[in-house]
Amino acid sequence: MTDPEIVEKINASLSEEFELELTSMVPEASLFDDLELDSLDLVDMVIVLEQAFGFKIREEEEIRSIRTLGDIHAFVIRKKHQIRQNL
Amino acid sequence: MQINRVVITGMGAISPFGRGANVLFAGLSGGKSGIRFLPETTAIRGLRSHVAGRIIDCDPTEIPRKYRRSMSAGSIYAVMATQEALSQGNVSDELRTGKDMGVAIGSTVGSIGTLEAFFRDYFSDFCLERMRSTLFFKIMNHSHAANVSQMLGITGRTLAPAAACSTGCQAVGIGYEMIASGKQRLMLCGGTDEFHPLFIATFDVMNAASIHFNHTPERTPRPFDRDRDGIVCSEGCGMLLLESLESARSRGAVILAEIVGFATQSDPSNIANPDAGSIVSCMRECLENAGLKPEAIDYINAHATATIEGDASECEAIRILFGDTVAVSSLKGHLGHTMAASGALELMACIFMMRQNRMIPTLNLDHVDAGCEGIFHVRRAAEKSIRLVLKNSFALGGVNSSILLRRLIHDRSGNR
């Protein structure tokens with residue numbers, strides 16, 4: 001899966017779960033202020049991403065510092081690359 | 001001790017006829033049936049009854065996702081019905097969100113469908129990693145009350161009485177007592193339930209569900225009729241806005257009716273079948289609570305769900321206390337049994353009848369059963385001045401409840 005495909009999959013998954021317009025899902029969009037997600041949504045966001053990409057990220061320290069959609073894109077891309085390297 | 005008189009100033013309904021109190025009243029007045037054949041239930045092994053009253057015209061997406069994510073269908077119905085009651089009651093945002101406003105909303109079971117979906121997934125691999133954070137908020141015993149309070153910014157009391165088919169009546173009664181005693185100025189009260197085949201199965205397994213009218217659903221249930229064969233389960237929500245008479249007058253609210261009596265009692269004789277003596281006792285306490293004699297009552301809205309034993313017990317109780325002079329009808333023939341919503345939806349219909357001076361007859365009562373004779377059955381729509389109405393609701397578990405409504409008339413000061 002290429003990086004653009006990862007981004008597309010993230011956006012599609014989050015759009016479906018949180019009923020977000022794809023046009024609003026720009027990398028600089030703040031999860032809280034722009035996409036209007038809250039702490040409960042962030043818990044579910046982790047679950048959605050785990051299901052979409054088949055990895056476990058709930059215990060990752062880095063998740064707590066995620067603020068924008070772009071942060072999620074970067075985090076998941078890094079995670080997928082790490083997994084590939086460890087294969 | 002009663003400090004305040006309590007009146008009703010708003011109503012909201014989600015019923016098998018559709019959305020809105022006026023839709024409910026039009027269906028009842030028109031002698032329509034909200035019962036339909038459910039082809040999807042024919043695949044359920046062991047289920048013999050395939051009829052129900054379903055809600056078909058509620059669009060959940062009207063409710064913002066942030067609130068909807070913690071709601072099952074019962075909460076969605078409750079929010080919509082509550083919004084209608086608040087709108088009719090002309091309640092300001094300030095009044096709605098102030099500490100004077102509370103809610104009492106219950107259901108028979110929070111959300112069986114949500115639990116089924118969770119456990120269906122969980123049992124596939126005993127994994128909890130797919131569980132959403134909002135699951136619990138949909139299955140709490142007070143889920144519907146909590147969701148209404150969250151969505152509408154209620155800051156007074158949030159209560160969730162649960163007494164199966166007595167829930168709606170109890171919720172209104174609790175609201176009445178709370179306002180009467182001065183604990184709250186306004187209360188949004190009612191019941192809500194969402195359909196699940198388990199409701200039908202619950203009565204079917206006890207041989208108390210209607211099973212002979214699957215292909216003529218509009219002919220069942222048949223309260224008091226010799227051919228009645230049991231309950232038809234429905235879903236919906238009824239919500240009433242209660243407030244002190246002083247509050248209603250001070251803000252110029254339209255007063256729809258006054259609540260003048262309430263009683264709820266336990267019937268420990270049997271967990272499934274109501275006993276006539278217990279029903280008499282409950283109705284008598286309600287009359288005493290209002291300081292009224294049986295002969296003062298103009299109309300009784302019966303619980304009468306069309307079970308063989310339940311209808312006969314209620315008839316016997318009415319015969320003992322009221323004889324054959326007080327008009328009686330059941331609305332289950334139109335609506336089916338809307339479970340926790342039934343008490344509130346049927347109280348709304350009583351208010352409609354009082355304000356229209358018109359009695360709605362029991363639908364599908366073609367031949368009064370021998371066990372249901374000796375009371376004054378309303379068999380056809382009739383013009384009648386109705387000032388005092390007694391409403392009964394009885395529940396599995398042995399919980400009886402009765403409420404007395406009065407149409408307000410001009411008092412000496414000229415107030416209504």
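1. A salt bridge is here a side-chain nitrogen of Lys or Arg within 4 Å of a carboxyl oxygen of Asp or Glu. By that criterion, six salt bridges are counted between chain A and chain B. In one salt bridge, the side chains of A:Asp41 and B:Arg69 meet at 2.7 Å, N to O.

2. On conventions: this is a predicted model, in which local features need pLDDT of at least 70 and side-chain atom pairs count only at pLDDT 80 or more, while totals for chains, interfaces and linings use all residues. Residues are numbered from 1 along each chain as its sequence is written, chains are lettered from A and ligands numbered from 1 in the order in which they are written, and side-chain values use heavy atoms, with hydrogens and water left out.

3. The extent of the interface may be stated next. With contact taken as heavy atoms within 4.5 Å, 14 residues of chain A touch 11 residues of chain B. The buried area (accessible area, 1.4 Å probe, that two parts lose on being put together, summed over both) is about 1100 Å², and carbon and sulfur atoms give 38% of it. On the side of chain A, the most area is lost to chain B by A:Glu19, A:Leu40 and A:Ile47, together 39% of what that side buries.

4. Helices (H or I, at least four residues) and strands (E, at least two) are DSSP runs, numbered from the N terminus. Helix 1 (3-18) and helix 2 (39-53) of chain A each supply at least two residues of the side that touches chain B. Helix 2 of chain A gives the largest share, seven residues.

5. Within chain B, helix 9 (residues 197-205) has B:Phe199, B:Ile200, B:Phe203 and B:Asp204 buried, where buried means under 20% relative accessible area (1.4 Å probe, protein chains only). Viewed down the helix axis, the buried residues of helix 9 of chain B fall within an arc of 130 degrees (directions from the axis to the C-beta atoms), so they line one face of the helix. These buried residues pack against strand 4 (51-52), helix 5 (112-125) and strand 7 (186-193) of chain B. Just after helix 9 of chain B, B:Asn207 takes a positive phi of about 60 degrees.

6. B:Ser393 belongs to strand 15 (residues 388-395) of chain B. B:Ser393 counts as buried because its relative accessibility is 0%. Leaving aside residues up to four places away in sequence, its contacts include B:Cys165, B:Cys169, B:His303 and B:Asn400.

Key:
Buried < 20%, exposed > 50% of the residue type's maximum accessible area, 1.4 Å probe, protein only.
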